[in-house]
Amino acid sequence: MESYPSISIVGATGAVGKICLEILKEKNYPHEKIKLFASKRSEGKKIKYFDQELLVHEATKSSFHNSNVVFISADSSVSLDLAPSAVDSGALVIDDGSAFRMKEDVPLVVPEVNEEDINYHKGIISIPNCTTTPLVMAIHNLKKLSPIKRIQSTTYQAVSGSGSLAVTELQSQTEQIINNEKITMSVYPHQIAFSLIPQVDDFMSDGYTKEEHKMINETKKILHDKDLNISATCVRVPVFYCHSEAISVDFEDEVDLNSVISTFKNSQGIKIINDGQNEDYPTPSFVQGKDDIYIGRIRKDSSNRKGLNFWIVSDNLRKGAALNAIQIMESAINLKKIPNF
Ligand SMILES: NC(=O)c1ccc[n+]([C@@H]2O[C@H](COP(=O)([O-])OP(=O)(O)OC[C@H]3O[C@@H](n4cnc5c(N)ncnc54)[C@H](OP(=O)(O)O)[C@@H]3O)[C@@H](O)[C@H]2O)c1
């Protein structure tokens with residue numbers, strides 16, 4: 001980055017906020033351009049950043065007067081409460097939560113897919129759900145090979161997708177089971193250690209969950225295709241970091257596997273590990289901490305010659321959240337779409 005906007009991170013003590021700081025560190029972002037915020041509970045905490053200790057402040061409506069960009073990585077009520085005042089103070093808000101994603105005047109952006117949508121922001125840009133981002137990156141590229149008739153996605157989502165309390169819950173349940181103790185549950189409605197839960201977020205009246213609705217609706221918005229046929233089943237699994245997805249795509253035309261592989265290979269932000277014969281494919285433990293999304297198990301659908309099946313793994317806290325948000329800021333700098341900067 002050649003120039004550095006002044007940024008505020010709301011939710012700096014959370015799972016996404018911590019990774020956001022880690023990525024800024026990797027980019028040598030200057031400490032004097034970063035302000036950290038969280039709830040009142042965290043007021044006065046210090047977070048190490050190179051040889052500095054950055055102080056955490058309580059986020060209030062008047063916190064953002066000197067900020068060019070405000071990242072909000074807290075829950076939706078915090079975004080709804082603070083984002084309008086941040087915009088009024090002249091900042092660009094990049095929001096990680098779902099509060100604004102489907103609003104018409106809020107671009108929902110994955111820079112590799114729809115960077116140009118940044119141009120229509122009115123002060124707020126949202127990042128998609130952490131399962132939507134890798135899916136749209138793959139589909140955006142596959143659409144170049146043939147029109148798509150139908151997409152089905154089944155997810156295997158890490159507990160860090162529910163925030164840092166869920167990471168602690170998986171850790172403690174694992175210890176409790178190993179020690180033959182009674183398990184405690186607070187984040188999830190069922191045991192997550194040594195099990196899985198076919199529910200991510202609350203249920204809707206149609207039998208789908210909110211997470212599945214997010215995946216479906218956000219994919220349509222980002223790809224500018226409201227008629228896209230897409231369905232999803234979202235499952236929480238006892239993995240700490242990285243979401244995996246098994247995807248099936250039905251094309252209008254038969255698509256050659258080599259074209260699929262070379263399309264993915266030439267796509268920004270995508271890496272392939274696709275050597276089943278050598279038991280080589282992406283796994284969460286391999287992908288953790290990596291910026292790219294990883295695709296493998298690429299094969300024809302055995303029930304449809306115009307169908308394709310594949311497997312994606314991506315780090316939900318990096319490309320699924322903090323990294324995508326930072327890349328949006330970098331795109332907004334290039335497009336000169338950060339007010340007052
Ligand atoms: N985790 C993921 O994979 C992921 C991916 C994409 C998007 N997101 C979205 O990112 C957001 C943050 O998720 P997370 O996983 O980082 O959650 P988290 O680990 O639970 O962290 C929540 C953060 O919000 C802060 N916070 C809570 N109440 C606040 C308030 N009233 N004012 C200011 N800050 C407040 C917390 O501060 P305290 O420490 O002071 O409580 C903490 O820093 C959510 O909207 C989530 O949907 C998450």
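The following legends describe close-up views of a predicted model.

**View 1. An open sheet of seven strands.** The strands of this sheet follow the order E3-E4-E2-E1-E5-E6-E7, and their pairing is mixed. Strand E3 (46-49) and strand E7 (124-126) form the edges, each pairing on one side only. On average, and with direction ignored, neighbouring strands of the sheet are turned by 25 degrees against each other. Strands of a sheet pair through backbone hydrogen bonds, either parallel or antiparallel.

**View 2. The pairing of strands E2 and E4.** Strand E2 covers residues 34-38 and strand E4 covers residues 52-58. The two strands run in the parallel sense and are linked by three bridges. In one of the pairings between them, Leu36 has Val56 of E4 as its bridge partner.

View 3. Helix H4 comprises residues 132-142. Because 10 of its 11 residues are buried, the helix is largely enclosed by the rest of the structure. The buried residues begin with Thr132, Thr133, Pro134, Leu135 and Val136, and they also include Met137, Ala138 and Ile139. Asn141 and Leu142 complete the buried set.

**View 4. The surroundings of Glu112.** Glu112 belongs to helix H3 (residues 111-114). Its side chain makes a polar contact of 2.9 Å with the side chain of Lys319. Apart from neighbours within four places in sequence, the residues in contact with Glu112 are Met137, His140, Gln268, Gly269, Lys319 and Gln327.

**View 5. The largest pocket and its lining.** The largest pocket has a volume of about 1,400 Å³. Its lining consists of 49 residues, and those nearest the centre are Ala74, Asp75, Gly161, Ser162 and Gly163. At least two lining residues are supplied by each of helix H1 (15-26), helix H2 (76-88), helix H5 (164-178), helix H6 (210-222) and helix H9 (318-334). The largest share comes from H1, which provides three residues.

**View 6. Strands E11, E12 and E13.** Strand E11 (residues 270-272) pairs with strand E12 (residues 293-300) in the parallel sense over three bridges. Within this pairing, Lys271 has Tyr294 of E12 as its bridge partner. E12 also pairs with strand E13 (residues 307-314), here in the antiparallel sense and over five bridges. A hairpin of six residues joins E12 to E13, and Lys300 stands opposite Leu308 in E13.

**View 7. The largest cavity.** One cavity of 30 Å³ or more is counted in the model. The largest cavity has a volume of about 30 Å³. Its lining is formed by Phe251, Val255, Lys300, Arg305, Lys306, Gly307 and Leu308.

**View 8. Ile333 and Pro5.** Ile333 is found in helix H9. With a relative accessibility of 17%, Ile333 counts as buried, because the cut-off for this class is under 20%. Ile333 and Pro5 are 328 residues apart along the chain, and a distance of 8.5 Å separates their C-alpha atoms. Helix H9 (318-334), in which Ile333 is found, is also one of the helices that supply at least two residues of the lining of the largest pocket.

Methods: Residues numbered from 1 in each chain as written. Predicted model: local features only at pLDDT ≥ 70, side-chain atom pairs only at ≥ 80, totals over all residues. Heavy atoms only, no water. Pairing = 2+ DSSP bridges. Helix = DSSP H or I, 4+ residues; strand = E, 2+ residues; numbered from the N terminus. Axes fitted to C-alpha atoms, helices over the stretch in contact; angles between N-to-C directions. Buried < 20%, exposed > 50% of the residue type's maximum accessible area, 1.4 Å probe, protein only. Polar contact = N/O pair within 3.5 Å; in protein donor to acceptor, adjacent residues only side chain to side chain. Contact = heavy atoms within 4.5 Å. 1 Å grid on protein atoms, 1.4 Å probe; cavity = no way out; pocket = protein on both sides within 12 Å on 5 of 7 lines; lining within 4 Å. Points joined across faces, edges and corners; volume = space filled by probe spheres on them.
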